[in-house]
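Student: I'd like to learn how to read a protein model feature by feature. Could you walk me through this one?

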Amino acid sequence: MDFPKNFDFNTIEQKWRDFWEERKLYESKPNPSKPKYSVVIPPPNVTGILHLGHVLNNTIQDILARRARMQGHEVLWLPGTDHAGIATQTMVEKDLRAKEGKTRRDVGRDVFLRRIWDWKEKHGGIIINQLKRLGCSCDWSRERFTMDADYSHWVSHVFAELFRKGLIYRGKRMVNWCPASLTALSDEEVIAEKQKSKLYTMRYEVVERPGTWLEISTTRPETLMGDTGVAVHPDDDRYRELVGLHVWRPFPRVAIPIVADAAVEKDFGTGCLKVTPAHDKVDFEIGMRHGLEIIDVLNPDGTLNAHAGPEFEGMERFKARRKAAEKLAEMELLVKEEDYENNVFFSERARVPVEPRLSMQWFLRYPSVPEATRAVADGSIAFRPDRWAKTYAHWMENIQDWCISRQLWWGHRIPVWYRKDLADDLRGRGSLDAADLAAGEIHVGTEPPADADLWVQDEDVLDTWFSSWLWPFATMTAVGERSATLQKFHPTTDLVTGPDIIFFWVARMIMAAFEFEGTVPFRNVYFTSIIRDKQGRKMSKTLGNSPDPLDLMAKYGADGVRFGLLRIAPSGQDVKFDEKQIEEGRNFANKLWNACRFRLMQGDRSGSVPPPAGRGIYQIDILAKLDTLTADVEKAYGDYQFNAVAQRLYEFFWSEYCDWFLESVKADLQSGDPVRVQPVVATMDEVLSRFLRLLHPYMPHITEELWETLGYGEPGVFLMHTPLPEQVALHGVDPQLVATARERVAAVFATVTRARHLKAEYQLGANRNTRFHLQPVAEHASWIGGELPVLRQLCGAAEILLGTPCDGPAPRALSDLGELAMPLEGLIDLAAEAARLTKELAKTEDELKKVAAKLGNETFVSRANPEIVQEMRDREKAFTERGEELQKMIASLRQG
RNA sequence: GCGCGAUUAGCUCAGGGGUAGAGCACCUGAUUCACACUCAGGGGGUCGCAGGUUCGAAACCUGCAUCGCGCACCA
C-alpha cells in the first residue's frame, strides 16, 4: 500500500485549492431554484497582509459558506479589498521618500496617484492570494475593490444624494487632527489612552491688580501662547470680583480677559482654566461664548508656529512642552509640577497623539438612524453574541455627526466643484450646504460639470469608511440598477466581523442600506474573538507578537491552522493564542489521515452486510454516538458556537471512534472471517463518510482528498457539494436495542479502564499476557461471555476467567461488570495494595456520607424533586455495596 | 463616572441548581500492531471574596476585589 503515514498537506492542499478554483466550484449564480446563502467579506486593506484575525474571521465565513453549499444552497461569498486611504498613502509616500527622496507634493497629485495604482496592481493581490491559501471558497470572479469605477460611482452618488437631502454640509469645526498623517480623523479613529504625564500649576498676574495672581493648572503649557482668556465658574466666590479684569499671559506678554463660564469645574485644581480656543474643544466653545480671539500656535505637523514666538517656532510640540515649563520656572511663574495620569487621544493608525484643531471639513448627519436603531433592537438584525446590541444602541442614541473629509490624495475625491471665480470665497465660507447648490455656486454630482474648465474640484477625499459602508449592495449592483445578483443575494445572510469595528463599519452599513436600499444589509452579525498573544496583549506589528499565518500554514497546513484556531475561539470572547493549539489542529488532521489509512488496509467493501440493527453492540454504539454528534453539531451551528462544533468533532473522532470503537473491533478485523469483518468495515465506512461530511467545512482539503481516496462519492460529485444523508445512521432501529447496546458497551469500556489501571499499578501496562478473573454481577452475567474476546483485546489480557474465583491475595478492583482480580503469583505488594484499596474505600465512604446526609435531611426528601431523591437512594445503595465489597477485598488481602 | 465582559487544575478554556470537566503541560510505562503528529495509566481544583435565595449554589441574586474592553471626561 502506497498510502503515506503522514498527511502531506502542502501537496494535497494545493492540489484541491487549484482544482476547486479551476472548476469554478465557488462561483455563484442567481439561480432561482435554490435557496440563497450570502455573505460579503469584510474587505481587508489592499496593502494588508494576512494576520490571525483575518484567519479566524475568514475561516468562519468559509465554514458557513461551505456548510451552506453542502446543504444545497446557492452560495455567494463575495470577496474584495478596500483602498485604506491613510495606510496606503503613507506606505507609498515612505517608498517615494526612500527611493527618490521626494514627497508627494514634489511629484504632484496625478503622478503620486499613478504610483499608488502601480503599487496596487503589483502588490494589491497579496492578501487575496493568502486567503486562497487558507482555502477560502469565495467567488473570486466577483472580487471588488472600493476604488473600482462602478464602486466609486456609488460613493459619489451617495455623497451627492446625501448633500441634496441636506445631510452633508461643510463647516469650520474643531476636529481630531493627526499631525503624522496630516489629516482630520473621525471620532471613531481616535483612541483614548491613559498616560502618565505632568500637571503644571502656573500663575498669571492680574493686570489691574499687580501683586494679585491667579493659579492655573494645565497639562499642556506648550499651548499657553494661544491662551486668549482665563475662565472661572460664575458661582465661584473666590474669583467673582476678578471677572471682567485681565491677567498677563507671560509669553508672548499680552493682557487677556478673565471670564465667567459654567463649563469650568470649581472643584478641579484651582478652579481657574486657561482658555486656548484653537486647541481644545471646550475652550473653543468658551471662546465662542465670550468672543475670545482664536490663536492657533501649531503647524499641521504638530510643530509650533510663529504665533508661539521665535523661541518656539518650529519646535516639536512635546519638546515645546518641556521648554515652556522651564521658561515658566525661570520667570518664577511655575508654582508646582505634579505627576498626573490623564487620557490622551491617539490616532488609531499613526499611533501619535492627535490635536484638536479648528479646520474646514465635511460632515455627515447620519441618515436612517431610527430605522437602523430599531432593526437591531427588534431583532430584524441579530447580533451574536447579543450583548453587542447594547453597545450598538448606546452609540446610536448618542450619535454625532461624522467628519468624512480627509486631507489625503488617495481615496474618493469629494464630488464637489467650486466656480473658479468664486473659489476663494467659497473655500473660506463658514458653512456650505444644499442651499449653496441652489445658488449655482457649487456643483455636486457623480460627474464634473459640463463646463469643467470654469470649475475647480474640492481637494479632499472621503474617509475610507464612507465607501465601505456601502459594501453589501455596492458590490452587487451599479447605481440605478437592480441586478439579478442584488435581487437574489441582498440582504446578505451573515456578516462576520470583529466587535472593534461595530461603529466604524457595522452600524454605518445598516444606516446606508436603509437609506439607499430600504432594507437591512444582513440578517445576522457574528462578532468574532479578538486574538491576543499568550500574555493577553493585542497582536501588533510593533510588538512582533503576531505569528505569520503563512508560516503557520507551511508548518501545520491550512486545515491544521483552521481547525486549531477555531477550536479555541470562543464566541465574542478574546482568545489567547498559542502555537501549541495549531499543532493540535495538524495532529488532528494526521489522526484522521491515519484512521482512513487503517480503513484502506481493510480492503474493498464487498458482500452483503446486515443492517445496523443486526450488527454488534460496538457498531450500534458508535453509530448512535455519530447520530448524537450530528445533532450536537447541528445545534452548535444554530448558536454560532464554532468552537463547540470543533470540540465535538474532535472528541468524537479521536476518543469515541479511534480510541474505543476501532480498538474494540480489531479482534473482528483480525479474525479474517468475512462474516465478522464485513459489517465492521461497513460501519467504518458509514462513520467515515458521514464524519468527513461533518468535518469538511473546517478542514476542506484533507476531507476532500480522503473522500476521493476512499471512493465515497458519486463520480464527478465532490465532497464540497455532498449533503449528509437525510436519515440518521440508526434510522428505524429499535431504540430499546440501541439503549441496551450503549449500556453494555459503556460497562465494557468502564471495566477495561479498571483493568488497565490495575495493570498500570503493577507496571504491566504494556504486558499482553496478563490474566484476569471477572466475577460478574448478576445483571450482566448473561451476555459478558460473548464479549470476552473484546475485553481481552482492550485490556491486553491473555485470558479472562469468567466466574472462576481468584483465591488468595491479588490486586482487585470493582468494575461495572463485577469484581476484577489480577493474580500475580507472589509479585503482589500486600501493603501497597491494601493502601490503594483503603484509599478507594475512603473515597466511597466520603460519597456515601454526602448522600446519607442528604437522605437524612427531611426537607430534602420532602421538597426535592422525587427523581433526584430516587437517584440519591440508588447512589446510597451502590456506594454501600461498593464499600462492603472493598472491605471484603481488604480483609482477604490481610488474611493472605 | 457609566456600561459590557472575565475570574473553574501549572497553562488555555468548556460547563452550569443535585458525583468538578477537556486539551496542553507534568509524572509513569509502552515502539514489528493505522497513527510517537501515537497509545495506556496517573497526580493535580475549598470553581476570585463576602453575604443572600434554596432541602441543596461553582452555577441564581446582591455587594466587593482584580483584570480586560467600550463610552464619556476635570483643564
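Tutor: Let's start with burial: buried means under 20% relative accessible area, exposed over 50%, and partly exposed in between, with a 1.4 Å probe and protein chains only. In chain A, buried residues make up 53% of the 896 residues. Keep in mind that this is a predicted model, where local features need pLDDT of at least 70 and side-chain atom pairs count only at pLDDT 80 or more, while totals for chains, interfaces and linings use all residues. Residues are numbered from 1 along each chain as its sequence is written, chains are lettered from A and ligands numbered from 1 in the order in which they are written, and side-chain values use heavy atoms, with hydrogens and water left out.

Student: How do I read the overall dimensions, and what radius of gyration does chain A have?

Tutor: The radius is taken over C-alpha atoms, and the globule rule is 2.2 Å times the number of residues to the power 0.38. For 896 residues a compact globule would come out near 29 Å, but chain A has 37 Å. Its C-alpha trace spans about 115 × 65 × 55 Å along the principal axes.

Student: And how many helices and strands does chain A have?

Tutor: Both are DSSP runs numbered from the N terminus: helices are H or I with at least four residues, strands are E with at least two. Chain A has 29 helices and 30 strands.

Student: What do contacts tell me about chain A?

Tutor: Contact means heavy atoms within 4.5 Å. Of the contacts in chain A with a separation of 6 or more, 78% join residues 24 or more positions apart.

Student: Where does helix H26 kink?

Tutor: A bend at a residue is the angle between axes fitted to the seven residues ending there and the seven starting there. In H26 (residues 781–795) a kink of about 60° lies at glutamate 787, shortly before proline 789. Glu787 is itself buried, as are Trp783 and Leu788. Cover for the buried residues of H26 includes helix H22 (642–671) and strand S28 (797–802). Just after H26, glycine 796 takes a positive phi of about 65°.

Student: Now a strand. Is glutamine 195 buried, exposed or in between, and what does it touch?

Tutor: Glutamine 195 sits in strand S7 (residues 190–205) and is partly exposed, at 27% relative accessibility. Leaving aside neighbours within four places in sequence, its contacts include Tyr340 and Val344. Valine 344 is 149 residues away along the chain, yet the two C-alpha atoms are separated by 6.3 Å.

Student: And which strand residues are buried?

Tutor: Threonine 81, in strand S3 (residues 80–81), is buried with a relative accessible area of 2%. Beyond four places in sequence, its contacts include Pro43, Arg144 and Trp471. Valine 275, in strand S12 (residues 272–275), is buried at 0% relative accessibility.
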